Amino acid sequence: MQTAWEKYEKLQGVLQSLDRVVVAFSGGVDSTFLLKAALETLGTDRVLAVTADSETYPERERLEAIELAKEMNSPHVVISTSELNIPGYAENPVNRCYFCKNELFSHLIPIAQEKGYPHVVFGAIADDLGDYRPGLQAAKENGVRAPLQEVMLYKREIRYLSRELGVRTWDKPSFACLSSRIPYGQVITQEKLSMIDRAEAFLMDLGFRQVRVRHHEQTARIEVTPQEMSAIVETAGMVVEKFKEIGFKYVTLDLQGYRTGSLNETLDGKTKAHTEFRKAE
């Protein structure tokens, strides 16, 4: 079995073979580590970080991405995109992430071509192979590489290597776009995204680290780690008051706690198999 450091050496080899790269940079644990590795391997003159700012991307994440790129002395560009303007996206089909990633890459590839970068890379990791991730198909169709996944780096290894390399996002809570809080088939709107963003920001301001607020129309379903559940209960009155001010009628706590892709639990195996590698129509 390969160690994390052996995988890191392989990662450097992959990046070296790509020569010049545009990194899809969200400021999350994985894309920050990928950017750090690219900069360490290729140097600042052969790496460009690009952050896509959209309705599904919280302002706090955009600001942190700018700050992180500056700390790493990385060339960095912030562009504007709009998932809600993509035909079919707002209807929230099970392959929603395909639309999102396809839109992202449709912006990054022309930037890469214009500025002389032959490759676009993004932060998909080995863990993503074990869940429903239609966005991987969009990457495959667009020729976008996922170096972390190619060398089979897992989240726990990325956090470890990030800490050892002095990347401060090593213990940053996992993040996904705000649309992932809305169950498949329920329409995505700017109002819903804003409600989710405000609710999650409020909980984080209270000190909760790993948070999801799932939007079930009038109901907010809160996911936090098991260690933080008692704290949520202790602040229940304050949380309910704020969430109702935001626009929710009911506020619930998910006793299973935080887990990635909890809304994928509604998909059966047949649905996943049928849609995972199907191009959006």
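Modeller: Let us begin with a term: a salt bridge is a side-chain nitrogen of Lys or Arg within 4 Å of a carboxyl oxygen of Asp or Glu. This is a predicted model, in which local features need pLDDT of at least 70 and side-chain atom pairs count only at pLDDT 80 or more, while totals for chains, interfaces and linings use all residues. Residues are numbered from 1 along each chain as its sequence is written, and side-chain values use heavy atoms, with hydrogens and water left out.

Colleague: Which residue does Arg145 form a salt bridge with?

Modeller: Arg145 pairs with Glu150, and their closest N and O atoms are 2.7 Å apart.

Colleague: And how accessible is Arg145?

Modeller: Arg145 is partly exposed, at a relative accessible area of 28%, and Glu150 is also partly exposed, at 38%. Here buried means under 20% relative accessible area, exposed means over 50%, and partly exposed is in between, with a 1.4 Å probe and protein chains only.

Colleague: How many salt bridges does the structure hold?

Modeller: There are 23 salt bridges. One of them joins the side chains of Asp19 and Arg46, with 2.7 Å from N to O. Asp19 lies in the loop between α1 (4–18) and β1 (21–24), and Arg46 in the loop between α2 (29–42) and β2 (47–53), so the pair ties together parts that are 27 residues apart in sequence. Those helices (H or I, at least four residues) and strands (E, at least two) are DSSP runs, numbered from the N terminus.

Colleague: What about Lys155 and Asp30, buried or exposed?

Modeller: Both Lys155 and Asp30 are buried, and they form a salt bridge whose closest N and O atoms are 2.8 Å apart. Lys155 lies in helix α7 (residues 155–164) and Asp30 in helix α2, so this pair ties together parts that are 125 residues apart in sequence.

Colleague: Which residues are linked in a network of salt bridges?

Modeller: The network links Glu61, Glu64, Glu67 and Glu71 with Arg168 and Lys172.

Colleague: Changing topic, how many disulfides are there?

Modeller: The search of the whole structure finds zero disulfides, a disulfide being a pair of cysteine sulfur atoms within 2.5 Å.
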